[in-house]
Amino acid sequence: MSNNAISEIVKLKRKLYVELLKLVKSGDLTAEISNLSKKMITKDTARYRCCEFKERAIFEERIKAVLGFNIAENSKKSLEELAASLPRWQKKKRIVEVIGKACDSCPIDKYLVTDACRNCVAHKCVNSCPVKAIVVIQNKAYIDQDKCVECGKCAQACSYNAILENERPCSRACELDAISSDSNRQAKIDQKKCVSCGSCIAACPFGAITAISDLIEVALNLFAEKNNLAVMLAPSFLGQFGHQQSAAKVNYALKKVGFRLVREVAAGAEITAAAEAEELEEKIEFNKTLLSSCCPAFKKMVENEFEELSALISKTDSPMSVTAAEIKSKTPELKTVFVGPCTAKKAEALKDKNVDYVLNFAEMLALFTASNINLAQINEEEELNDAGQLGRQFAYAGGLQQSLKELTASDFKCRQLDGLGRLKKELYLIRANKHDYNFLEGMACSGGCVGGPFSMINQNLAKKLVKEFAESF
Amino acid sequence: MSKNILKICIGTPCHLMGAANLLESVEKFDCKLRQKIELKTSHCIDNCCDQAPVAEFNGKVYQNLNPEKLYKIIRENIK
């Protein structure tokens, strides 16, 4: 799903995080926020749009998202007004949102004939089309879009590669067909289908889709030195904070930046695994199937599209939820901040009273940068010993399945799949009762959480580091 | 044979802007090129954190890099 290559658009977003955080730190957020777009986008900065004014208008929408406001509902409000109203009183309505101004309304037609068409004699395209959608007009093949069924046979048949597959990157990335276009041909997300997996955010080359962030809210708490924040590190955090930055150092640095408590979500994962194993034993006894519940995007997809199967989803709370509940039961005044590579967790947190904020790794690193803390220059460490292998290996695909095998006494067959598209196919099989296993581990991102849309490093490397860390316990 | 020295900054600001991409790209260089380079990491080069990611090749500092830029710089300046 992610390839973590850092594009200009990703850099711009991260620079924005740092600049906003600096304003929060100095206490000038409300006063300076309306000047920020002018300061960061000048006539001389690299420009991707028609003029700097459009660029700034888009930039201001991005700022709103980082402040934590839904863009569509707050389009008329000024940045100053929004910044002054923090901490936010309105609940976020959704996590993944299109920035209308930034969407470039890419072509909707999936197959297009380009100028490379030579109007050859063979006309392989016309012959290959099963619905007779291709005609030759004015010396060039032409696809009648009303007839086209988007099978792609013409593109394969053409000897000149003159027919282009041209799907919008966002809708290609969305395996649940949640993205369509509105009357302005701009991308529109069907919130009934969207599971907030974040693939479209990573896919859009214009950066027109964004997640509504908790960053500024966290920073307001942190920089006011309220000492009321607890970090929950996703099991996939190894290596995400920089090359050769150990878990112990990350722990130390997080406390140095002002977090009171640091807890591995892997600790919650151990509890989740144990509870899920119990549930599984029961299912095995009656030869029924259990679906994993720790990936919120997978869980949401089952609920959205396979209502009749939602009873099969494990009733066990997710590792994040368990960890947060544990922190709150011990120290109720703490606010919990989950840090991970995931957007779907942001959506899950909206419904979980124990999880106050969710950040991704880049947002957390921006917090370090704005606080002038460079992990590479820190030598101190503080051991992190919250969990063992059974919890830590949740970070990669197959890890949960492995933990359950160890925790379950009886023999059972299981299956592990990653990627929402593949999972969807599998769910059709389960619905038709054409499966032969008692447990399905579903992870929306390919490779599991280490391959999440906001992972900072190559997923193979991330998996290796997580494994080492899990085995070190 | 004198080695070419490539230092990539792995400080937090550089990591935020894609130092991991640079490190990964160096490992993907073809063998002949990779052999000529001695890869080191640095905690901070020149304090130019707002121009991240930063790397130093044979004593010269290059800012605002991406894997493609880095590859070109190395190709052009390799001994």
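Student: What radius of gyration does chain A have, and what would a compact globule have?
Tutor: This is a predicted model. Chain A has 473 residues, and a compact globule with that count would be near 23 Å. Chain A agrees with this, and its radius of gyration is 24 Å.

Student: What box do the C-alpha atoms of chain A fill?
Tutor: Take the box along the principal axes. The C-alpha atoms of chain A then fill roughly 75 × 65 × 40 Å.

Student: How many helices and strands does chain A have, and what percentage of its residues is buried?
Tutor: Chain A has 20 helices and 15 strands. Of its 473 residues, the buried ones make up 48%.

Student: What share of the contacts in chain A comes from residues 24 or more positions apart?
Tutor: Count the contacts in chain A with a separation of 6 or more. Residues 24 or more positions apart account for 74%.

Student: Which domains does the assignment give for chain A, and how far apart are the C-alpha centres of domain 1 and domain 2?
Tutor: Domain 1 covers 8–105 + 169–213, domain 2 covers 111–165 and domain 3 covers 217–471. In chain A, the C-alpha centres of domain 1 and domain 2 are separated by 38 Å.

Student: Where does the largest nonpolar core lie?
Tutor: This core has 152 residues. Those with the most contacts inside it are A:V231, A:M232, A:V337, A:V339 and A:A444. The largest share, 8 residues, comes from α16(A). Two domains of chain A give residues to this core, so it lies between domain 1 (8–105 + 169–213) and domain 3 (217–471).

Student: Which residues does A:V339 touch?
Tutor: Leave out residues up to four places away in sequence. A:V339 then touches A:V231, A:M232, A:L233, A:A234, A:F237, A:L359, A:F361 and A:M364.

Student: How many residues are in the other core, apart from the largest one?
Tutor: Its members include A:I134, A:I143, A:C158 and A:I163. This other core has 11 residues.

Student: Is A:I95 buried or exposed?
Tutor: A:I95 sits in the loop between α5 (79–84) and β1 (96–98) of chain A. The cut-off for burial is 20 or more other C-beta atoms within 10 Å. A:I95 has 24 of them within 10 Å, so A:I95 is buried.

Student: How far apart in space are A:I95 and A:I212?
Tutor: A:I95 touches A:S196, A:A211, A:I212, A:T343, A:K346 and A:A347, residues up to four places away in sequence not being counted. A:I95 and A:I212 are 117 residues apart in sequence. In space, C-alpha to C-alpha, the distance is 5.2 Å.

Student: Which residue in β15(A) is the bridge partner of A:L291?
Tutor: β11(A) and β15 (residues 439–443) of chain A run parallel, joined by 2 bridges. The partner of A:L291 in β15(A) is A:L440.

Student: Which element gives the most to the side of chain A that touches chain B?
Tutor: The contact takes 20 residues from chain A and 16 residues from chain B. On the chain A side, α1 (8–26) and α16 (361–370) each supply at least two residues. The most, 5 residues, comes from α16(A).

Student: How do the residues on that side of chain A divide by type?
Tutor: Sort the residues of chain A that touch chain B into nonpolar, polar and charged. The division is 11 nonpolar, 7 polar and 2 charged.

How values were computed: Residues numbered from 1 in each chain as written. Chains lettered and ligands numbered in written order. Predicted model: local features only at pLDDT ≥ 70, side-chain atom pairs only at ≥ 80, totals over all residues. Helix = DSSP H or I, 4+ residues; strand = E, 2+ residues; numbered from the N terminus. Rg over C-alpha atoms; globule rule 2.2 N^0.38 Å. Buried ≥ 20, exposed ≤ 12 C-beta atoms within 10 Å, placed from the backbone. Contact = placed C-beta atoms within 7 Å. Domains from an automatic or database assignment. Nonpolar A, V, L, I, M, F, W, Y, C, P; charged D, E, K, R; others polar. Core = buried A, V, L, I, M, F, W, Y, C linked by C-beta atoms within 7 Å. Pairing = 2+ DSSP bridges.
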